[in-house]
Amino acid sequence: MLFGRGKKNPIKIASKEVEKWVYTTCGYCSTGCSIEVGVNSDGKPVSTRGVGSADVNRGKLCVKGIFEHEIFDAKGRGEEPLVRDSITEDYREVSWDEALDKAAGEIQRIQEKYGRDSFAIVSTGQLLTEEFYTLGKLSRAVIGTNNYDGNTTLCMASAVSGYKRSFGSDGPPGCYDDFENTDCLIAFGSNLPEQHPIIYWRMREAREKRGFPLIVVDPRVTMLAQNADMHLAITPGTDVVLLNALMHVILDEGLEDRDYINEHTNGIEAVEKVVADYDPVTASKICGIDEDTIRNVARLYAKADAAMSIWTMGINQSTHGSDGVVGINNLNLITGNIGKPGGTSLSITGQCNAMGTREWSSCSGLPGYRYLENPEEREEIARFWGIDPEFLPKQRGLTETDIFPAIETGQIKGLWLVATNPMTSMPNTARIRKTLEKLECLIVQDSYVDVETTQYAHVYFPAATWAEKEGVFTNTERRVNIVRQVTEPHANSRSDLWIFNQMAKRFPQGARVKFPEAPSDVFDEMAYLSRGRLVDISGMNHELIEQKRGIQWPYPASDVEQEQGSPRLYEKGGFQYADGKAKLIPLPYIENNEVPDDEYPFWLNSGRVVEHFHTRTKTGKVGNCNKFSPTPYMEINPDAAEELGIEHMSYVRVVSRRGDAVVLAQLTQRVPRNMVFIPFHYHDCVNRLTKGLLDPHSRQPAFKQSAVRIEHVDQEEAARLNVEMREF
Ligand SMILES: Nc1nc2c(c(=O)[nH]1)N[C@H]1C(S)=C(S)[C@@H](COP(=O)(O)OP(=O)(O)OC[C@H]3O[C@@H](n4cnc5c(=O)[nH]c(N)nc54)[C@H](O)[C@@H]3O)O[C@H]1N2
Ligand SMILES: Nc1nc2c(c(=O)[nH]1)N[C@H]1C(S)=C(S)[C@@H](COP(=O)(O)OP(=O)(O)OC[C@H]3O[C@@H](n4cnc5c(=O)[nH]c(N)nc54)[C@H](O)[C@@H]3O)O[C@H]1N2
Ligand code: SF4
Ligand SMILES: [Mo]
């Protein structure tokens, strides 16, 4: 290993020698919990606690938040900028100026030789919104590449695409308070207790008070499914069929809300025509849910005064991801469940600031949900930034999942990775490794130098992380929360905002465009650009956001007298299409997955566990998180294991058409007999196996559906390998 991961961090008890508590927002998931970090007399973060006065978490935190103060000086943090001319050489530690000059020089060299779009930029959902906006300005107005995207293509792209198709714009219409008002909740492919523990706690409290039915659609018996009234163990990738069947029953039995449909939607006829083919009997043969259950759920949902749907990666990460989202929106539109308390279609977001990047990063468009395809919006932003509108592309470029194949074919020659780790998080990582090796220049900007991608990079920028910086995140319910700086950036690392600003100075076009240095000034620029938009934040500023413990957008300047922002969108219709109506879209289903067969008889499902975050660059070093799952493992059904002669906690090799991975077998009834589940947190593990077929609308990979077989391995050799992986 290039940088040696050293010894595992010990398990620590949080120190009580706190001198002051600093208010900030958790940097892991999109729940958006308010946190106070305790700092001792030397200015060192030593403890963390939840903030009682914050509406989101009301004093609670999950295991990741509770130990978040440990990430600042964790092993493997980047300390100095590094450069080298070829990936076979060792890195040299250099000054910031030298590293920035080299990076900017290489970008310009590649663009001059091969054209502007031959240099690609891939970012993340984990920067501060001010940083996203600045990177967007740098990429669009200064560097001028159209091949600029984020890891949100692995995460929220299907939700974004589905919201745009149904409502004419991205923007989740609901909020956590909807749990307090709903009479029926369906959760599609979302495991709240592990992935959004505090949203789960809010939901459970509401359910304990009012006892509404909870229906969970997930092929696994997740922790959420165990607490549900009904668990629909769906055949992987077939949610669209179930949704069509639910609508079939509702329309067939006249349970729809005709007034709402007439007043607020277009397209019911086309939907009626298609769902007519999805009677519960036919549908049950495809989606594996019996006809009576389909009928019961449809009636329960349609007859509830207010019914809501939530979903996460079980829907988004599928070849029918965008259609799944549109299907959920269809269901809510025909039952009149959008924009009313307890009646909504709420995508549960992933990363801490996946919303901020959607709103302001310009990855798929221009700031404030503007479109590159719209000439007025292009013109407006170009004028504001002080550039020629012709400099901006007229349509969106490649997504992350299309950028890597474009490196393979030689169309892209250089890449800048900002806060994302595709060597672990992209499907079919053997292919990703080859593409990274092919690049003339790879720049990696990450808070950790031991992230796998640095092995293929020419320039490494050590970035400050989370509360070493200042700015805002937007959470799942459109709440803008403030991240206050708790401690200085580690060693010689710098904030991502500072790095972007320094890069801008090194391009000829950079001199024409203004790049404010203070995060609050960047925020004010975004607030100005948001006036009159759906995502109106013009009434907000950093101080007010902190004072109110977060504010939900829209919050126009005219609302500043109001106590709070807007909990819901589309309360009186007013969808973002020109006529103000939402679109009902027919969704014929086509089977297009890699499905199990005789040679690869198991579905491979993948996802997360509560104690780890993503590729473990953070939680792998926190003893109190890593101790729960230090080792790559898979869930396998005991009956399937018995048939194959596999014992509990023995090592096995999982093989797909792409590659293999060695994991510990955990025998559990959580998965059906024809499925295994592997958390994706471990390097060189599940994504060596995944196929990642893409959704045609969102280009999001179907991480949850691949086919594998299981083989026996030498236990001693596997154990040796495993110890190496554990010493993160
Ligand atoms: N602890 C922790 N929390 C996190 C994260 C983390 O890494 N760790 N990451 C954050 C991020 S970025 C994200 S995107 C979210 C993800 O949050 P979730 O989506 O809730 O988590 P996953 O485990 O990826 O997937 C959820 C479920 O989808 C199910 N599923 C698989 N195939 C299908 C299918 O065909 N249909 C249906 N209906 N369900 C299916 C899986 O069985 C799994 O239980 O979590 C966020 N929160
Ligand atoms: N098989 C499978 N694969 C999946 C998924 C799945 O369910 N199954 N889920 C997908 C999903 S939903 C997601 S969101 C992706 C996530 O995939 P990635 O984005 O690749 O995962 P992370 O580990 O979060 O990578 C973020 C990187 O940014 C660094 N970082 C953290 N904070 C900062 C900062 O402030 N500045 C800078 N510059 N760097 C920082 C971290 O050290 C880390 O290396 O994975 C996807 N991959
Ligand atoms: S639920 Fe999410 S935001 Fe809240 S403490 Fe846990 S990881 Fe942080
Ligand atoms: Mo995600």
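Which helix holds the place of Y528? Helix α21, which covers residues 519-529, is the answer. Keep in mind that this model is predicted.

Stay with Y528 for a moment. Is Y528 buried, exposed or partly exposed? Its relative accessible area is 43%. Buried means under 20%, and exposed means over 50%. Y528 therefore counts as partly exposed, since 43% falls in between. Now look along the chain to S538, 10 residues from Y528. The C-alpha atoms of Y528 and S538 are separated by 5.9 Å.

Next, turn to ligand 2. It is surrounded by 36 residues. Q126, N151, S425, D446 and T615 are the closest. By kind, the shell holds 14 nonpolar residues, 16 polar ones and six charged ones.

Some contacts can be picked out atom by atom. In D446, a polar side-chain atom lies 2.6 Å from an oxygen atom of ligand 2. N421 uses its backbone instead: one of its backbone N or O atoms is 2.7 Å from an oxygen atom of the ligand. In T617, an N or O atom of the side chain lies 2.9 Å from a ligand oxygen atom. How much of ligand 2 does the protein cover? On its own, ligand 2 has 920 Å² of accessible area, and the protein covers 99% of that.

Two elements give two or more residues to this shell: β15 (441-446) and β21 (602-607). Now step back to the domains. Why does ligand 2 lie between domain 2 and domain 4? Domain 2 (82-152 + 356-466 + 494-538) gives residues to the shell, and domain 4 (602-727) does too, so the ligand lies between them.

Definitions and conventions
Residues are numbered from 1 along each chain as its sequence is written. Chains are lettered from A and ligands numbered from 1 in the order in which they are written. This is a predicted model: local features need pLDDT of at least 70, side-chain atom pairs count only at pLDDT 80 or more; totals for chains, interfaces and linings use all residues. Side-chain values use heavy atoms; hydrogens and water are left out. A residue is near a molecule or strand if one of its heavy atoms lies within 4 Å of it. A polar contact is a pair of N or O atoms within 3.5 Å; within protein, one must be able to donate a hydrogen and the other to accept it, and residues adjacent in sequence count only if both atoms are side-chain atoms. Accessible areas come from the Shrake-Rupley method with a 1.4 Å probe; for residues, only the protein chains shown count as cover. Helices (H or I, at least four residues) and strands (E, at least two) are DSSP runs, numbered from the N terminus. Ala, Val, Leu, Ile, Met, Phe, Trp, Tyr, Cys and Pro count as nonpolar, Asp, Glu, Lys and Arg as charged, and the others, Gly among them, as polar. Domain bounds come from an automatic or database domain assignment. Buried means under 20% relative accessible area, exposed over 50%, partly exposed in between (1.4 Å probe, protein chains only).
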